[in-house]
Structure formats: C-alpha cells, structure tokens
Amino acid sequence: MLRWSIATVCMGGTLETKLAAAARAGFRAIEVFENDLTFFNGRPREVRAMADDLGLEIIALQPMRDFEGMPEPARSKNFDRAERKFDLMEELGTKLLSLCSNVAEDSSGDVERSAADLAALADRAATRGFRIGYEALAWGRHVHDWMQAWELVRRADKPNLGIVLDSFHICARKNPLAPIAQIPGDRIALVQLADAPAIVMDPMSLSRHHRCFPGQGDWPMLDYLEACIAAGYTGPVSLEIFNDQFRGAPAAVIARDGMRSLQICGEQLEKARKTRGETPLYLGRALPEPAKIGGVEFIEFVTSSAHSPRLVAELEGLGFRRVAGHRSKDVDLFRQNDVNIVVNREQEGFAHSFYLVHGTSVCALALRFDDPQRALERANSLAAPTYFGRVGPGEAQIPAVAGVENSLVYFMKDSPQGRTTWDQDFNFTDSPEHPGPLKRVDHLSNVVRRSEFLSWITFYKSVLGFRDEPQVELADPYGAFFSRVISAPDGAVRIPVNIAEGGSTGVSRFIENFGGGGVQQIALATDDLFTFVEQARARGVAFLDIPGNYYEDLSARYDIDAGVIERMRALGILYDRHKGGEFFHIYTKMFDQRFFFEILERRGYDLFGAANTPIRLAAQASEQDSALQQRAMLDLD
Ligand code: MG
C-alpha cells in the first residue's frame, strides 16, 4: 500500500531523537541514512529495537555510492563493501539498499558493464533476501537522468533490482515526468519526494541547501506522484530533504512539517482522482475540507497600562474610536468601519505573558471562517491543537491555534448579519459602529526567522488553508529582503511573510527588538489617502520621512501631474503603478521599533508596492540610526 515515510537525513539531532520525532508526527516508515548509523553510539540492532518500539518500519538503508562501472581493484572492493552493508541491513531489519549513480572520475560509462555490475550486486543481495534500488543523481558522472538509470536496471534484468525515483534529481534535470508511468510498478524500488524553489543553481548546491518539503517549493510534486502511481507503484513515498536549515531546527518541528506537507499532497491527490472518477488511495485519514476564509475579524494588541496611552493615541490619530470595553477583562475594542482592533492590558494569562516577552505588539489575529468548527477540526488533524483561553461567566469561548512565536490565530464565525460573538463579551458604548476613512484590513506582514520561514509557509498553507505566491527578493540597505505572499483563496486575507539575510537588515532588527517573529506591519485601506494623511498629520500621527530624491525619481519615471507629485512629497506618500492600476501608500513611524501601520489607496492595483519596499527599509534604517545617535548623545551628556 502507498504510505508515507521520511528519511532520517531530513532531521537534525541524534538518531534516537529523529526516530522519536518521526513516530510522534505519525510516520510509520523511515529510511535510515548511513551516517546516522555511524554517529549512533550503539549497535544497529538497537536501532532496529528502537524503531520496533516506536512502530517504525525501516524501509531502506541509504545510500551506497560509487559502485557501478569501476575498474579493478576498486570493483572487487565494492562488492566487499556491499557485503558490509548487507550485514548492517541484517541487523537493522531492512530489505532495501539504495545505490546512487556513480560520480567517481575513474568510473566507466559503458552501459553493458555497469548493467552487469548491478546484476551481480543484485544476485549477491538475493542470496541474503535483499533488494537493490538504483537512483540517478542529477550530478552522476555518466548516469544523471532517470531514463538512464532505468535503462541499466532494465538491462540488468533482476527481479530484486529496481529504480529509485527521486523528484529532486528528476526535476533538477528537467526530466520528463509522464513516461515514468510506463515503468512497471514492481520495478520501482522506492519513490522519494523533495521539492525546491524555482531558482537557477547547480543541482548539487540546490540539493544540499534548498531541497524542501512538497508545497514549500515550486516543482510539480503532484504530477510526479501521479506518474509514479500510474506506473502501478504501491510502496512507500519517502521525504528525502537535505537542507542545513532543516537540520538546524528541532527534529519534532521538521517531522511535523513533513507530515503536514504530505497530508496536503495526499488530499490533493485524492481530490484529483475523485474528479477523474478514480478509486481513492486511502492515504491516511481524510482531512476535513478547508473552510472558506471570510476576512480578518480583529487584530489584538497587547500592551501595559504604562504604554497603552501611546498606542491608543496612535489608533485615535488613525481615526479609530473606542466602542466597547470587555465585561471582565482590561480589554478595549477600537473600531473604524470593518476594522476592529482589540487593546489588551491584562496583567495575567496568555496576552500578558506575550507582553513580557515581546512588549507592545500584535499578540493575536482573529480570522472569520464560514465554518470555524470545521476549520478548527482541520487544523487539529494537521497537528495544530486547539488553544482555549480563560473566559468569564457567560462569555464566548473563541477557539484558537498557536501561530508565529506562539501568537494566537482565533477562529470566528463569518456572519454577515452582525457580530454576535462580540456582543456577548463586550459592553458597547451608545454608538457601536464608527465610520471613518479607513475601510478594511488590506494585509498584514509577518516577519519570521529565516530558519522558520518554510515551516510557517507550510503552517499557513496546510493548517489555515492559504495559498502562496512565488517568492520575491528585494534590496535592504543592509542586506537582502525576501517576501512570499500567502493569501486566502479568494484574497480576503493576505499576509506577506518576510525574511532577510544580514544582521542589520530591517527584518533582523525587528527580530532582535521583538524577540522573534511577529506582525510587523498592519496595512489598512482607504478610499482617499491624501485627505486621510492631512487629517491624521493634524491629529499628530508621525509618518515615515521620505527623501526628496524619491519624488525626483518618480516624476522622471512616471507621467504624473506635477501638482500631485508635490502633494505626495508634502505628505510623504509613495506611489506605484502596475497594468494601468495605481497605488498610493504611506507608512507610520515605527512604534517602539516593533511595528508600523501602512495606509493605502488602491486604484485598480492588486500588488503590495514592493517597488517601494527598499525606500521604506532605507527610511526606517535611517530613522533608527538617528534614534540610536540621539540616545548615544544623551549618554555622552
Ligand atoms: Mg534520493
């Protein structure tokens, strides 16, 4: 039966930790990477016992290298080497040895000779009841495409010799996928799965540093799996990800993310089969269907009584008004049209703990779903357990799951009729609705640690049912800035997830100031940005200073009315244009070097103004530099 597996090489830590993490994430099969055995302080049979205790089948020992087509005496030595591997397999209790195509300089490309070596190896393996799987490495000296590997396997013609298919090598070489379906299924020894981003790089570097779980990259994982299934393959599908970032992360997180990505793969496979009227594969328990994401119901800030007045002044400056107070907690609700902002000053519980670590910041995000219960069940099925907070008598219990840096994502009911769950918990003032120039939440930017980037992309895509767009790279004055937008399928919620390279980049400084990843930017939409900024400035809101050169450049690049440019310059408004649409936007100054608001006006424009991100990053960097200088001057005084 088709089943999921993970190679120990995907995870960091000791072999014991890796096995336990795999089992805990729900895997029942693993591939053991030989280095893990070498580093293990014990006998291979102890690994077997550990795997047995954890309910893990060891499906393969990997890899044997540089075998076929070698001159003597290396050839004879290789057969001796193979016998040692067979001894290991005996103790490990595994039947399959995976063999990578030869990279040795002195190996021969003679097809007959290499096929004969594989046949002889298979015969030796057969006497001990073992199988050999032969895999084309994308950088193999003579064999680098799966079609060549298959040709050797076919010529060798041994029932216990099959091909190992690895999506990484196949996609890196841009090998055709559809003809895989023509390989007899019982001659496929193992199917390995690895995705990668669509970047141009030599396959070996790409393999070592950029392999990732299905759905984290850009390669056609489903087409590949469908071709393997069409071939009649029914064995394990094993994740094999060499990635230094993965090995640096806790094994439990990597195993969980691997299982999440496979569950989504399985769901997509089943869906495609159902559409074509084919029988299900029964790849584990079916996930509850994703619920429809209706939008952001509220953004929750945590602060202290001491810092609250500054936050409230910022919100009121942006046109928000306090419309309600919580019945039992030190929590206020600020509102403007459909934008709800909760300010939490509680002295205990989740929010306060979050405050102690991160200071005044966004501690929770509430999303509206058409069926929040189903959305929650889906999240639970994907290893995101429900968090229940403390509630007062008669108050609504809003379920949540943990998001970036243990912030919360609440699951609320999308109700066009009104805000029933709110009314139960809050005492509203006489006018619970508050109109104003800011109409809705446009998007929120998440900053995450580079090492956690793929993990959070998988979280948003699997647990919450978002989709992602290709990654973009931008210049930061102190390094590089990378952003990938994840969004609800119909665009109701959009979250650019950002990372950076370089210790002094805006993203790095945020992570340092904030104590981890979090919401850095809250973008709110208005229909008339110019009037809004005039009014907000009059109310004391401080916006980011934009250098005059920006406007010189703008008037050179675009045909914009000089009067409009002057007004933008006077107000600090930025501009972008795409496919006839126009975009006007502005940033508030950073709040305690942690977060800022972006106010924007879209005129038929659907991007995020990424063209202006370098300007924003440079202006924020110079703002922070002058703040540091001022502090240094004060210290000198
Ligand atoms: Mg492989």
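Visitor: How much area is buried between domain 1 and domain 2?

Guide: The size of an interface is often given as the accessible area lost when the parts come together. In this predicted model, domain 1 and domain 2 bury about 400 Å² between them, and carbon and sulfur atoms give 42% of that area. On the side of domain 1, Arg260, Gln263 and Glu267 supply 75% of the area buried against domain 2, more than any other three residues.

Visitor: How many residues of each domain are in contact there?

Guide: Five residues of domain 1 touch five residues of domain 2. The centres of the two domains, taken over C-alpha atoms, lie 46 Å apart. The assignment places domain 1 at 3-275 and domain 2 at 291-435, with domain 3 at 437-637.

Visitor: How many salt bridges cross the interface of domain 1 and domain 2?

Guide: One salt bridge is found across this interface. Glu267 also pairs with Arg378 in a salt bridge, with 2.7 Å between the closest N and O atoms.

Visitor: Which residues coordinate the magnesium ion?

Guide: Glu135 (OE), Asp166 (OD), Gln192 (OE1) and Glu240 (OE) coordinate the ion at 2.1 to 2.2 Å.

Visitor: Is Asp166 buried or exposed?

Guide: Buried means under 20% relative accessible area. Asp166 is buried because its value is 2%, and Glu240, at 4%, is likewise counted as buried.

Definitions and conventions:
Residues numbered from 1 in each chain as written. Predicted model: local features only at pLDDT ≥ 70, side-chain atom pairs only at ≥ 80, totals over all residues. Heavy atoms only, no water. Donors = N, O, S within 2.8 Å, 3.2 Å for Na, K, Ca; no water. Buried < 20%, exposed > 50% of the residue type's maximum accessible area, 1.4 Å probe, protein only. Domains from an automatic or database assignment. Contact = heavy atoms within 4.5 Å. Buried area = accessible area lost by both parts, 1.4 Å probe. Salt bridge = Lys/Arg side-chain N within 4 Å of Asp/Glu carboxyl O.
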